[in-house]
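These are my notebook entries on one protein chain. I set down what I looked up, in the order in which I looked.

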Amino acid sequence: MHDLVVVGAGPYGLSVAAHAAAAGLDLRVLGRPMASWRDHMPDGMYLKSEPWASDLSEPVGTDTLAAYCAERGLRAEHGRPLPLATFTRYGLWFADRLPVPVEDRTVTVVAPHGDGFRVETADGATLLTRTVALAVGVMPFVHLPEALRELPVGLASHSSDHRDLTRFKDTDVTVVGAGQAALETAALLAEQGARPTVVARAGAVRWNTVPLPLRRGPLARLRAPHSGLGTGWSSWVWSELPGAVRRLPAGTRAHIAATALGPAGAWWLRERLENVVPVRLGRELLRATGTDVGTVRIELATPEGGAETVEAGHVIAATGFVPDLRRLRILDPVVRDALRTVGGTRAPELSGGFESSRPGLFFAGLLTAPSFGPAMRFVHGASFTAGRLVRGVRQRLGGRRWPVRLPGPARARAATAPEPVAARAE
C-alpha cells in the first residue's frame with residue numbers, strides 16, 4: 001500500500017509530488033502532465049500572471065520558470081507577457097525532473113478501502129494507498145450558463161473547449177464574459193479571421209494597469225506592495241496570507257473567494273481588443289435557441305430593462321469555473337456526500353494541512369479557494385499549498401521517518417522506478 005497517490009499533474013499536482021518525493025513518501029502520481037494548459041487553452045494565449053509569480057514549487061527552489069527560460073535563452077521578465085506555450089513547456093520540464101515518474105493515466109474512481117483508499121484508472125489498474133491528494137485542476141468545474149446548456153455542441157461551447165480557434169474563421173461568434181479568458185479569446189478570434197462580439201453583464205470592462213517596477217523606494221513599496229497576485233495591500237493579503245484567510249468566518253471566506261480579484265483584462269491585451277471587437281455591456285443572457293439555418297439566436301436583457309436579440313454562428317461562454325464537489329465524479333459518493341463543506345459553498349472545509357473531514361483525503365487547487373482564499377485560483381497558490389499539504393500527509397501517516405529523495409530528472413531514475421501496475425496492485 002502506498003503512502004500517497006496524487007491525482008492530477010497540473011501545477012498543483014506536480015508541486016505536491018515534488019514535495020512528497022523529497023520527503024521520501026512512497027508516492028504515485030497519476031494524470032496527464034499540464035493537461036488543461038496543453039489541451040484546453042487556445043494557441044497564441046499569454047500568461048496573465050507575472051513570470052516570477054508563476055513558479056511551480058519544489059523544496060530546493062531552483063526549478064523556477066526563470067531558470068527554465070534562462071537555460072533556453074528566453075525572456076521571463078517582469079512587465080513582459082510570456083507565451084502560454086512557454087509556461088506549458090516549463091511545466092513538462094518540471095514534471096520530467098521529478099524523482100518519481102508521472103504516469104499518464106486517467107483516474108476513474110477514488111473510493112474508501114479500509115483505513116485508506118482504492119484508486120482505479122481507465123486502463124484497469126487499481127492502487128491502494130493510505131492517503132490521496134486530489135489536484136484535479138479546473139476542468140471538472142466548467143461553468144456554462146443555464147441558457148446555453150440545451151444547445152447542440154456545434155452551436156455553444158466553453159472557452160476551455162478550444163485549442164484551435166481557426167475553425168471559426170468567417171463566422172460570427174458571440175463571446176460571453178468580461179474576464180481575461182473572454183477578452184483574449186475574442187481578440188484571438190478577430191486576429192484569426194472570425195467576427196467576434198463580446199457580451200457581458202458587467203457595466204464596464206476592467207483593465208489591469210501596467211505593473212509598477214519591482215524596484216521602488218520604501219514609501220512606494222509600503223503604499224502599494226507587490227505580490228504574486230498583483231499590486232496593493234488586498235492582493236498582498238490574499239497572496240501571502242492564505243493561512244490567515246482560512247481563520248476567517250466561513251461566510252466571509254466564501255465571499256472573498258467568489259469576489260476578490262474579479263474579472264479583468266490584462267493591460268497588454270487592451271489595444272488588441274478596443275476598437276477592434278464590439279463589446280455589449282450590461283447585457284443579461286436570457287435564453288438561446290437554434291435556428292433552422294444552423295445559427296443560434298440569443299436573447300439579452302438590456303440595461304434599460306428592455307430586450308434585444310443577436311444571432312451568431314456560435315456562442316463561446318468564457319464564464320469560468322465553479323468549485324463544486326458534486327462535479328467531482330471520480331470521488332465515491334459515499335465519501336463525497338459526507339464531506340464537511342464551507343458554509344455557503346459546495347467546496348470542502350479543510351484543515352491547515354489541506355485535509356478534508358475524511359481522514360487521509362486531501363485537496364489542492366480550485367476546490368480549496370473557499371478555505372484559503374483566491375490565491376488557490378492561480379498557479380501562485382501552489383507554493384503555499386505543496387509543503388503544507390505534504391506535512392499534513394505525514395501527520396496523518398503518523399510522523400514516521402522517511403529517507404529524503406533529492407530532485408533530479410525522472411528518466412534518469414527509470415531503472416529504479418516502480419513497475420506500472422497492470423491489473424491490480426496491493
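**Entry 1: a surface residue**

I looked up L219, which counts as partly exposed because its relative accessibility is 49%. By the definition I use, buried means under 20% relative accessible area, exposed means over 50%, and partly exposed lies in between (1.4 Å probe, protein chains only). I note that the model is predicted, so local features need pLDDT of at least 70 and side-chain atom pairs pLDDT 80 or more, while totals for chains, interfaces and linings use all residues. Residues are numbered from 1 along each chain as its sequence is written, and side-chain values use heavy atoms, without hydrogens and water.

I placed L219 in helix α6 (residues 218–223). Helices (H or I, at least four residues) and strands (E, at least two) are DSSP runs, numbered from the N terminus. L219 forms a nonpolar patch on the surface with L222 and W233, and together they have about 330 Å² of accessible area. Patches are made of residues with over 30% relative accessible area and no salt bridge; like charges are joined within 9 Å, and nonpolar side chains (Val, Leu, Ile, Met, Phe, Trp, Tyr) within 5 Å. The areas come from the Shrake-Rupley method with a 1.4 Å probe, and for residues only the protein chains shown count as cover.

**Entry 2: salt bridges**

I then asked how many salt bridges the structure holds. The structure holds 21 salt bridges. Each is a side-chain nitrogen of Lys or Arg within 4 Å of a carboxyl oxygen of Asp or Glu. Side chains of opposite charge can pair when their charged atoms come close.

I looked up R28 and E103, whose closest N and O atoms are 2.6 Å apart in a salt bridge. This pair links distant parts of the chain, for R28 is in strand β2 (residues 27–30) and E103 in strand β5 (residues 102–103), 75 residues apart. Both R28 and E103 are buried.

I next took D123 and R105, a salt bridge with its closest N and O atoms 2.8 Å apart. D123 sits in the loop between β7 (116–121) and β8 (126–134), and R105 in the loop between β5 and β6 (107–113), 18 residues apart. D123 is partly exposed, with a relative accessible area of 47%, whereas R105 is buried at 11%. I found that R28, E103, R105 and D123 are linked in a network of salt bridges.

**Entry 3: helices that pass each other**

Which helices cross at roughly 40°? They are helix α1 (residues 11–22) and helix α13 (residues 381–396), whose axes come within 8 Å. Axes are lines fitted to C-alpha atoms, for helices over the stretch in contact, and angles run from 0 to 180 degrees between N-to-C directions. α1 and α13 are therefore oblique to each other. Angles under 35 degrees count as roughly parallel, over 145 as roughly antiparallel, 65 to 115 as roughly perpendicular and the rest as oblique.

α1 also packs with helix α4 (residues 84–96) at an angle of about 25°, their axes being 10 Å apart. α1 is thus roughly parallel to α4.

**Entry 4: positive phi values**

I looked up D170, which has phi near 65°, a positive value in a residue other than glycine. D170 is in the loop between β9 and β10, and it counts as exposed at 52% relative accessibility. N275 also has a positive phi near 65°. N275 counts as exposed at 84% relative accessibility.
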